[in-house]
Amino acid sequence: VGDQQALADAIGGPADLVWASAVVHHAPDQQATVDVLAGLLAPQGRLALAEGGLPRRHLPWDLGTGRPGLESRLEQAQDRWFAAMRDSIPGAVRLPYGWPNALRRAGLADVTTWTLLIERPAPLSPAERERVAGKLAHRVEWLRERKMLPTEDDEAWSRLLDPDRPEWIGHRDDVFVLDARSVHVGRVHAP
């Protein structure tokens, strides 16, 4: 986040709401960024950070292809990438406390967190299963490009994501959607 006054000028003055979704974790100093965003608020204004949440889940633990726990290991690979990404940011400062504490440290009050849960149990429609397969394929490819997947898992994903194979995720009637997105909100104290 650059100059706070330039940001305030760009938005036309103090804001009643500042919404930041999946962006603050890319800043070198996340707390300083939260401080700047909080400084853009008008009296009684709110800062909402959509950061974190629970990992998405779509598949049973044992798929009959590859070692059990394949989707959990995909999340672990993404966590390793995230840690490496944070380490590679010049001047990166750790945030060794949660987002609600970051909002409080920025001087905001009435800090709350709410989580949106999206749950669609199996069996999903064929179109929904195809969407899940597409999302997983995108995630797997992204991690492949960064060489974050062990060979055994990469091979299992190749079988599960190939629509011409009997193991394709789109053929399964046990695919589901379980996703949670957390939003942390803080308010400027009354003057």
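Reply:

**The largest pocket and its surroundings**

The largest pocket has 23 lining residues, and Gly52, Arg56, Glu75, Gln78 and Arg181 are the ones nearest its centre. The model is a predicted one, in which local features need pLDDT of at least 70 and side-chain atom pairs count only at pLDDT 80 or more, while totals for chains, interfaces and linings use all residues. Residues are numbered from 1 along each chain as its sequence is written, and side-chain values use heavy atoms, with hydrogens and water left out.

Rolling a probe the size of a water molecule over the atoms shows where empty space is left. Here the search runs on a 1 Å grid over the protein atoms alone: a pocket is an open set of points where a 1.4 Å probe fits, with protein on both sides within 12 Å along at least five of seven lines, and a lining residue has an atom within 4 Å of a point. Grid points are joined across faces, edges and corners, and the volume is the space filled by probe spheres set on the points.

By type, the lining holds nine nonpolar, six polar and eight charged residues. Ala, Val, Leu, Ile, Met, Phe, Trp, Tyr, Cys and Pro count as nonpolar, Asp, Glu, Lys and Arg as charged, and the others, Gly among them, as polar.

The second largest pocket has a volume of about 250 Å³. Among the residues lining it are Gln30, Phe82, Arg86, Asp87 and Arg94. Helix 3 makes the greatest contribution to this lining, with four residues.

Now the rest of the fold. The protein has six helices and four strands, in the order α-β-α-β-α-α-β-α-α-β from the N terminus. Strand 1 (residues 15–21) pairs with strand 2 (residues 41–50) in the parallel sense over six bridges, where pairing requires at least two bridges found by DSSP. Within this pair, Ser21 is opposite Ala50 of strand 2. Together with helix 2 (residues 30–39), strand 1 and strand 2 form a right-handed β-α-β unit: with the strands pointing away from the viewer, the path from the first strand over the helix to the second runs clockwise.

The loop between strand 2 and helix 3 contains Leu59. Leu59 is buried at 6% relative accessible area, where buried means under 20%, exposed over 50% and partly exposed in between (1.4 Å probe, protein chains only). Of the 191 residues of the protein, 41% are buried.

A few backbone details remain. Most residues other than glycine have a negative phi, and most peptide bonds are trans. The bond from Ala122 to Pro123, however, is cis, with omega near 0°; Pro123 sits in the loop between strand 3 (109–120) and helix 5. Asp110 has a positive phi of about 50° and belongs to strand 3. Lys147 also has a positive phi, near 55°, and lies in the loop between helix 5 and helix 6 (151–160).

Methods:
Helices (H or I, at least four residues) and strands (E, at least two) are DSSP runs, numbered from the N terminus.
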